[in-house]
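Please read this report alongside the sequence and the coordinates.

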Amino acid sequence: MPELPEVEVVRRGLERWVSGRTVAEVQVLHPRAVRRHLGGAEDFAARLTGRTTSVARRRGKYLWLPFEDGAESVLAHLGMSGQLLVQPHSAPDERHLRVRMRFADDTGTELRFVDQRTFGGLSLHDTVPGAADGLPDAIAHIALDPLDPAFDEAAFHTALRRRRTTVKRALLDQSLISGVGNIYADEALWRSRLHYDRPTATLTRPRSAELLGHVREVMTAALAVGGTSFDSLYVNVNGESGYFERSLDAYGRENEPCRRCGTPMRRRPWMNRSSYFCPRCQRPPRPAAVPPLSVRVPS
């Protein structure tokens with residue numbers, strides 16, 4: 001699933017090519033693509049037509065297009081294979097085209113939502129009251145991401161220490177820190193020399209600050225090259241792939257030498273996913289000591 005860098009690349013494309021345009025027509029070609037919109041496909045199309053979009057926004061892995069009236073926003077979830085493409089009217093329809101949005105101007109381009117596996121979708125939601133960025137109420141519970149200037153590092157550290165969980169689980173908890181998925185969690189943990197099963201309660205403030213710094217570093221580096229694309233399912237609005245796959249230090253490198261120490265990298269099943277790590281640089285935590293059972297001898 002696309003993570004923060006990939007979604008931010010798409011958001012920037014929408015800001016450039018779609019923001020500020022008035023919707024002239026919406027075609028829903030597959031009802032599953034708007035299944036999260038409770039009013040259904042016809043209602044979705046009718047309520048978008050005639051409205052003008054504002055600046056595209058993002059929080060974590062979610063992005064949305066607010067309307068200039070400020071009352072509602074179109075929320076986009078890309079799922080495993082969703083793509084938002086800006087295409088000329090004359091371009092042939094993609095095989096898995098689900099929604100088409102045309103605009104009331106003469107630029108000759110339209111917005112298309114393409115989704116092979118139909119796990120993603122578009123939906124219209126009310127704006128959180130008082131939210132200047134048009135934040136949809138459906139994602140109000142999602143935490144700020146580490147690249148947001150308002151991200152509270154002290155609160156993040158306190159939450160880590162209080163939660164009885166492991167560090168990778170915490171990084172993937174979107175109510176604690178948003179935008180981090182399996183790929184960038186493994187990359188940040190490798191850079192921090194932390195094992196994915198390290199208990200969060202053992203992290204000191206300097207250690208959690210270091211981890212957060214590496215999360216930001218790896219995401220910023222991925223953003224600079226358009227994100228990570230392992231196949232054609234993730235592309236930007238112009239259909240171009242990202243190139244950060246070439247710079248990965250941990251994810252997908254099973255049996256390849258660690259770039260620090262040369263030890264073969266390992267992969268372990270983890271929560272229906274995989275975790276990649278160096279067994280030497282990222283040593284697993286020691287198991288907690290179990291107190292011996294006390295046996296009372298009858299007198």
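The text below describes the overall build of the chain and then one of its sheets.

This is a predicted model, and its protein chain contains six helices and 10 strands. Along the principal axes, the C-alpha atoms of the chain fill a box of roughly 90 × 45 × 35 Å. Of the contacts in the chain with a separation of 6 or more, 64% are made by residues 24 or more positions apart. The table collects further values for the whole chain.

| Property of the protein chain | Value |
|---|---|
| Buried residues | 50% of the 299 residues |
| Positive side chains | 43 side chains |
| Negative side chains | 35 side chains |
| Separation of the centres of the two charge sets | 11 Å |

The sheet considered here is open and has four strands, which follow the order E1-E6-E7-E5 with antiparallel pairing. Strand E1 (23–28) and strand E5 (82–88) each have a single partner strand and stand at the edges, so one side of each is left without a neighbour in the sheet. When direction is ignored, neighbouring strands of this sheet are turned by 20° against each other on average.

Helix H2 (residues 40–48) lies across both E1 and E6, and its direction is at about 170° to that of E1.

Key:
Residues are numbered from 1 along each chain as its sequence is written. This is a predicted model: local features need pLDDT of at least 70, side-chain atom pairs count only at pLDDT 80 or more; totals for chains, interfaces and linings use all residues. Side-chain values use heavy atoms; hydrogens and water are left out. Helices (H or I, at least four residues) and strands (E, at least two) are DSSP runs, numbered from the N terminus. Buried means under 20% relative accessible area, exposed over 50%, partly exposed in between (1.4 Å probe, protein chains only). Contact means heavy atoms within 4.5 Å. Lys and Arg count as positive and Asp and Glu as negative; His and the chain ends are not counted. The place of a charge is taken as NZ of Lys, CZ of Arg, CG of Asp or CD of Glu. Two strands pair if DSSP finds at least two bridges between them. Axes are lines fitted to C-alpha atoms, for helices over the stretch in contact, and angles run from 0 to 180 degrees between N-to-C directions.
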